[in-house]
Each structure stands twice: as C-alpha cells, then as structure tokens.
Amino acid sequence: MRLSRYFLPVLKENPSEAQIVSHRLMLRAGMIKQASAGIYSWLPLGFKVLRKLENIIHEEQARAGHIAIQMPIIQSADLWRESGRYDDYGQEMLRMKDRHDRDMLFTPTAEELVTDIFRGHVNSYKDLPLTLYQIQWKFRDEIRPRFGVMRGREFYMKDGYNFDLTKEDALHAYNRHLVTYLRTYERMGLQALPMRADSGPIGGDNTHEFLVLADTGESEVFYDSAVTDLTFGDRQIDYDDRAQCQAILEEFTSKYARTDETHDEGLFNQIPEERRRVARGIEVGQIFYFGTKYSEAMGATVQGPDGKPTPVHMGSHGIGVSRLVGAIIEASHDDKGIIWPEGVTPFHCGIVNLKQGDEEADAACDKIYGALTALGLEPLYDDRNERAGGKFATMDLIGLPWRITVGPRGLKNGVVELTCRRTGESEELSPEAAVTKIAEIYELVG
C-alpha cells in the first residue's frame with residue numbers, strides 16, 4: 001500500500017476525550033472513530049489489526065479441532081426465558097421488540113442460541129465431543145462506557161462452546177481451551193496470565209480469566225511473580241492428550257494468581273514476600289465450565305451409551321478481540337506512539353522516501369516495495385511529498401515494527417537504513433539485504 005492512496009486520518013494533537021494511552025493512540029493513529037458513546041467505526045488501519053488478531057484465533061482454534069460457525073447478533077428473548085437468564089441478566093442487555101411485538105435482544109453472549117443449535121441437530125453421544133465457536137459483534141449496554149475499545153458497548157468477541165458427555169470430558173475441553181489461549185496470546189506478542197476468577201452471569205464453578213498487566217487495567221490483581229517467568233513457546237501439543245493438557249494447566253495455574261474478586265489474603269501471604277505482586281490487569285479472555293446448567297434447562301440431551309437421555313456438560317470460552325487491540329497498545333507503546341509486535345502489525349514494514357521526486361530514490365523505493373510484496377509481505381510506502389520529520393513521526397505513531405529509510409545520500413554508498421521501532425537501533429544495509437532481513441524476521445515470527 002502506498003500512503004498517498006491510503007486512508008489514514010492521523011491527528012497531531014491528543015484528543016481531549018481520551019483518558020488512557022490506547023484510546024488516545026488509536027484515535028491519533030486513525031484506527032477508530034467514535035460513532036456514539038462506546039461505539040466505534042473501525043478505520044482501515046484498525047480494521048487490519050482486528051483481522052490479524054481474528055486470523056490468529058481462527059488458526060489456533062482449528063489446530064485444537066474447534067469448528068467455526070456464525071450466529072446472528074439479534075436473538076429471540078424466548079430462548080433466554082428457557083434458560084432463566086432473560087430477567088436475571090440486568091440492564092446491560094439491550095432489549096427491543098420487532099414489528100410483530102416479539103421480544104428480541106442484541107447478543108451479549110450466546111449460550112442459549114448455541115444450545116438451541118445443538119439440541120436441534122445432535123442426538124447421540126457418538127457425535128461428541130463437539131466445540132463450536134464464532135467471532136461476532138456483541139453488545140452490552142455499559143452504564144458508563146469509557147477508555148475507547150477497552151470498555152465499549154459494542155465489541156468484537158470470539159465465543160466458543162463445548163458439548164461433552166461427562167464432566168471429565170468437559171474439563172478436558174476446559175484444559176484444551178486454556179492451552180489454545182496461551183498459544184494465541186503469545187502469538188500476538190502478549191503475556192496474558194490465567195487467573196482464577198468469578199463466573200458472574202455466565203455461571204459455573206471453574207473459571208479463569210486471562211489478564212494482561214497494565215497500569216490502566218480495570219482489575220486489581222494479586223500474583224506470585226514466578227508466573228511471569230512462564231512461557232508457552234513453540235511446544236508441540238496433542239490436543240487429544242488429556243495428561244498433556246492437564247499438565248500445562250497445572251503448570252500455568254498452580255502458582256497464585258487471582259483477581260480482586262477471588263483474592264484470598266491468607267493464601268497470598270504464604271508466597272515469599274519478595275515474590276508477592278499487586279498490580280492492575282486488563283481482561284482479554286475467560287474460560288468457563290458450567291456443567292449442565294443450560295442443557296438441563298433447555299433440554300439439550302443425547303442418547304448415552306446406556307440408551308438413556310443424558311444432559312450434556314458444557315463450557316464457554318471467550319476472547320475479547322476488539323479489546324485486545326487496546327490491550328496490546330497499553331502493553332506496547334512509547335511516547336512517540338504504538339509499537340506493534342510483529343505477529344499483529346497492520347503492515348510488516350514501512351518504507352520512507354526522504355526525497356520524493358528524486359529519480360534514484362523513487363526507483364529504489366519502488367524496487368524495495370516490489371521485492372517485499374513479491375515475498376508475500378505487506379509494506380506501507382510513504383510516498384507523500386512531505387518533510388522527512390513528518391514521515392518519521394507518522395511511522396512512529398502508527399507503530400510498524402520495522403522501517404526502511406531511503407535517501408539519495410545513502411544510495412550513493414549503496415545502502416538504505418533499516419530501523420527497529422522497538423529499540424530505535426538502525427543499521428545500514430544494501431536494499432537487497434534489508435529486504436532479506438525483513439523476510440527472515442517474519443519467517444521466524446510465522
């Protein structure tokens with residue numbers, strides 16, 4: 001993409017309504033525009049990041065054998081009355097009537113809807129286990145939306161639902177989801193700590209939230225600092241191996257890590273004092289096991305091995321995709337702007353032409369742009385007739401991990417400048433070597 005042809009409405013000044021870093025930088029970088037309180041339009045740069053996150057989630061869900069579907073954003077209230085949640089959910093649910101005076105609602109979550117799909121099509125235990133998921137827009141009518149996409153009313157979410165014959169099977173699904181989430185977040189360049197949490201209106205006894213540590217987090221968290229030393233890495237996982245999945249759950253959840261809702265001061269004080277940490281965290285996902293809560297209420301049964309109808313055991317698993325964009329920025333920025341991890345960057349590399357209109361510089365930029373594109377990478381070429389300082393400021397603001405700077409002086413010596421956004425370090429390379437290095441970086445990331 002050439003910047004002269006792209007829609008990137010960057011702002012020079014900090015918006016007065018933005019209270020936290022991610023909201024401020026998303027507005028300044030032209031990623032979002034507020035449509036109404038807590039509701040945003042996603043502009044091209046923000047939409048590209050959203051799609052990058054979505055693709056990572058789809059890949060990791062498929063790796064675990066989970067199946068994607070798409071459910072509607074408007075649901076019938078009748079399903080929620082079956083489960084008993086329609087009146088209990090509270091004012092966060094946006095309720096409405098259609099022209100036939102039927103009660104409808106804008107989806108805040110979809111346990112009832114997916115249970116209805118299951119009970120209409122699955123009759124035998126032989127069709128289990130089954131996990132269905134979607135990535136879809138949701139709406140919760142927050143009383144005071146703030147912090148941009150971090151606490152909006154409309155949000156993009158991955159929500160998955162497992163159906164299993166027994167509690168043991170469903171707890172394996174729980175463990176399997178924890179593993180997939182650890183992999184997913186690390187691919188996004190995040191350390192998201194699983195913490196024992198409260199189940200809230202979803203229900204159930206087993207639940208962990210995944211939190212990214214950040215000063216602007218809405219939750220107070222208490223943890224053993226040893227949990228931050230854990231990394232998932234590139235382990236090979238057999239998702240059907242119950243012992244392997246259970247071992248990973250124990251590895252990542254055995255040390256103390258809890259939100260303020262489930263914090264136990266006595267247990268916390270048993271941790272060596274030098275490892276006790278109190279911080280703020282941003283919730284970016286949660287997994288639940290809630291047994292037969294919905295299947296019994298809604299008649300979601302299968303014929304068991306004994307021929308008798310058996311209510312299935314269920315769980316649900318969510319990732320806040322749009323919220324993740326803000327969380328990544330909160331965890332990865334400096335005073336110049338965003339610093340995207342390579343795994344989620346909207347463009348792999350920026351190309352800055354220091355002297356637009358110079359025949360040699362233009363030709364070199366076009367050649368680099370073509371070479372990167374031919375390798376399947378997406379560069380963003382700043383070909384505007386602007387001052388070099390303005391071009392650098394834009395690249396720093398939008399946070400592309402790597403920048404190739406091309407100018408007549410360097411080209412006389414056969415070199416361009418390759419700069420790492422995170423460290424600020426630069427090196428001079430031939431144009432061909434710069435392209436090769438960028439390709440190698442993303443080959444390693446992939």
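Visitor: In what order do the 3 strands of the open sheet stand?
Guide: In this predicted model, the order is S4-S6-S5, and the strands pair in antiparallel fashion.

Visitor: Which strands stand at the edges?
Guide: Strand S4, residues 74–76, and strand S5, residues 94–97, take the edge positions. Each has a single partner strand, so one side of each is left without a neighbour in the sheet.

Visitor: By how many degrees are neighbouring strands turned against each other?
Guide: On average the angle is 35 degrees, with direction ignored.

Visitor: What holds strands of a sheet together in general?
Guide: They pair through backbone hydrogen bonds, and the arrangement may be parallel or antiparallel.

Visitor: How many bridges join S4 to S6?
Guide: There are 3 bridges between S4 and strand S6, which covers residues 103–106, and the two run antiparallel.

Visitor: Which residue in S6 does Ile-74 stand opposite?
Guide: Ile-74 faces Phe-106 there.

Visitor: Turning to aromatic rings, how many pairs are there?
Guide: The count comes to 12 aromatic pairs. One of them joins Phe-106 and Phe-139: the ring centres are 5.4 Å apart and the planes stand at 50 degrees, so this pair is tilted.

Visitor: Where in the chain do Phe-106 and Phe-139 sit?
Guide: Phe-106 belongs to strand S6 and Phe-139 to strand S7, residues 130–139.

Visitor: Are Phe-106 and Phe-139 buried or exposed?
Guide: Both residues are buried.

Visitor: Why does the pair of Tyr-369 and Tyr-381 count as tilted?
Guide: The planes of Tyr-369 and Tyr-381 stand at 45 degrees, with the ring centres 6.1 Å apart. Planes under 30 degrees apart would count as stacked and those over 60 as edge-to-face, so the rest are tilted.

Visitor: Which elements hold these two tyrosines?
Guide: Tyr-369 lies in helix H10, residues 359–374, while Tyr-381 lies in strand S20, residues 379–382. Both Tyr-369 and Tyr-381 are buried.

Visitor: What lies over the face of Tyr-369?
Guide: Arg-2 does, at 5.0 Å from the ring centre. In another such arrangement, Arg-81 has its charged end over the ring of Tyr-86, 4.6 Å from the centre.

Visitor: Which residues do ring pairs link into a cluster?
Guide: Tyr-181, Tyr-185 and Phe-210 are joined in this way.

How values were computed
Residues numbered from 1 in each chain as written. Predicted model: local features only at pLDDT ≥ 70, side-chain atom pairs only at ≥ 80, totals over all residues. Heavy atoms only, no water. Pairing = 2+ DSSP bridges. Helix = DSSP H or I, 4+ residues; strand = E, 2+ residues; numbered from the N terminus. Axes fitted to C-alpha atoms, helices over the stretch in contact; angles between N-to-C directions. Phe/Tyr/Trp six-rings, centres within 6.5 Å; stacked < 30°, edge-to-face > 60°. Buried < 20%, exposed > 50% of the residue type's maximum accessible area, 1.4 Å probe, protein only. Lys NZ or Arg CZ within 6 Å of the ring centre and 35° of its normal.
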